[in-house]
Amino acid sequence: MRAAVQHEIGQDKLEVLDDIEAVGFGPGKVRIRVRATGLCHSDLSAMSGVLPQPAPFVPGHEGAGEIVEVGEGVTHLKPGDRVVVCWLPACGVCPACKRGQSQLCLAGFMNAGTPNFRRPGQDVFGFAGTGTFTEEVVVDAGSAVPIPDDVPFDIAALIGCGVTTGLGAALNTADVTAGSSVAVIGCGGVGISAIQGARLKGAAEIVAVDPVASRREAALRFGATKAVSPDELPGAKQSVTGGEGFDYVFEVVGRSATARTAYENTRRGGTLVIVGAGAMDDFLQLNMFELFFDEKRILPSMYGGGDVLRSYERTIALWRAGRIDLESLITHRVPLSGINEALDQMRTGTALRTCIEI
């Protein structure tokens, strides 16, 4: 079967090969025929080495498809079922799950060190224990979440990561207050979803911050009340908040420099939400006096900061009711053979989300 493979960390191109086999099928596992997958910035981060990932590997973790085969002991799924791939499944029994913080369950991460694929003479890993830039993938049954028949595969794929992460940051982690002021730094697919979440919560002012003009224009269509370039953020802070700073600032880039900017634009007593996934050697510097004196809450948001399965259900309900727009998040579509075109669209910021149709 075909899959897009990165041979070494640091390469900026993927090679689409046709000699890949999905491996690991057995008890408790399912085989999924991938129909659509989104390109998330975390895939680029894994390719560049910002996020740890053994190579060679198949990127992709935002996918949807249908069940081809179920292993022994799998009773809640059957061949033909439509599913979204969950790259962070909850085991249900670890301390984090028992506390109701299933987004912190480490069971899914344990799968990242086991190869999902094989080609002649070589094991191949799947990013985040999945790897959806492929025609088929084998995952734990808990990573295959059933979806209703009326949810298209491309929409379901987005729910698998970017939309859940962005919406959840606003709805779960920040719990944005009605009438508040919000700034979102980084307005790709995740940032746009955070904007939609802030709008749902009733934020009065939502300022989108991004260096790419097309993304700023898109942010206004999705609910931002103002869109500015990073250089224009100080002026927006002054005009919107009188210079005090925003009630909530979402950092959706994953860099210490933008996190520091986000901190400085959060009002005293306000909330900074860290949504972007950054590198382990990129340190955010804060002094002890400002931490004490400013009393700003710093809230990291992992995968939307809430129960993933409930978040999926909530997102589908909001989409059905027309309260959020998911279709317009998909600005580009390419076949698997065009994966490197999709990577360029992500790097240049020309795409909010590119759907790879398989």
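This is a predicted model: local features need pLDDT of at least 70, side-chain atom pairs count only at pLDDT 80 or more; totals for chains, interfaces and linings use all residues.
Residues are numbered from 1 along each chain as its sequence is written, and side-chain values use heavy atoms, with hydrogens and water left out.

**Domains**

- The protein chain is assigned domain 1 (3-161 + 306-357) and domain 2 (166-300), with bounds that come from an automatic or database domain assignment.
- Taken over C-alpha atoms, the centres of domain 1 and domain 2 sit 27 Å apart.
- Contact (heavy atoms within 4.5 Å) links 19 residues of domain 1 with 22 residues of domain 2.

**Nonpolar cores**

- A nonpolar core is a set of buried Ala, Val, Leu, Ile, Met, Phe, Trp, Tyr and Cys residues joined through side-chain atoms within 4.5 Å; buried means under 20% relative accessible area, with a 1.4 Å probe and protein chains only.
- The largest nonpolar core has 97 residues, and Val30, Ile32, Phe133, Val182, Ile195 and Phe250 touch the most other members.
- This core lies between domain 1 and domain 2, because both give residues to it.
- There's also a second, separate core of 14 residues, with Ile185, Val209, Leu233 and Phe246 among them.
- Leaving out residues up to four places away in sequence, Ile32 touches a list of residues including Ile67, Val83, Val137 and Ala144.

**Helices α5 and α11**

- Helices here are DSSP runs of H or I with at least four residues, strands are runs of E with at least two, and both are numbered from the N terminus.
- Helix α5 (residues 162-174) packs against helix α11 (residues 308-320) at about 95 degrees, and their axes are 10 Å apart.
- That angle makes α5 roughly perpendicular to α11, a label for 65 to 115 degrees.
- On the α5 side, the contact includes Val163, Leu167 and Leu171; on the α11 side, it includes Ser311, Tyr312 and Arg314.

**Two residues to look up**

- Ser311 lies in helix α11 and is buried, at 4% relative accessible area.
- Beyond its neighbours within four places in sequence, Ser311 is in contact with Thr164, Asn172 and Gly306.
- Lys296 is in the loop between α10 (288-294) and β17 (297-300), and it counts as buried at 12% relative accessibility.
- Lys296 touches Tyr263, Glu264, Thr266, Arg267, Arg268, Gly269 and Gly270, not counting residues up to four places away in sequence.
- From C-alpha to C-alpha, Lys296 and Val34 are 43 Å apart in space, and they're 262 residues apart in sequence.

Key: Axes are lines fitted to C-alpha atoms, for helices over the stretch in contact, and angles run from 0 to 180 degrees between N-to-C directions. Angles under 35 degrees count as roughly parallel, over 145 as roughly antiparallel, 65 to 115 as roughly perpendicular and the rest as oblique. Buried means under 20% relative accessible area, exposed over 50%, partly exposed in between (1.4 Å probe, protein chains only).
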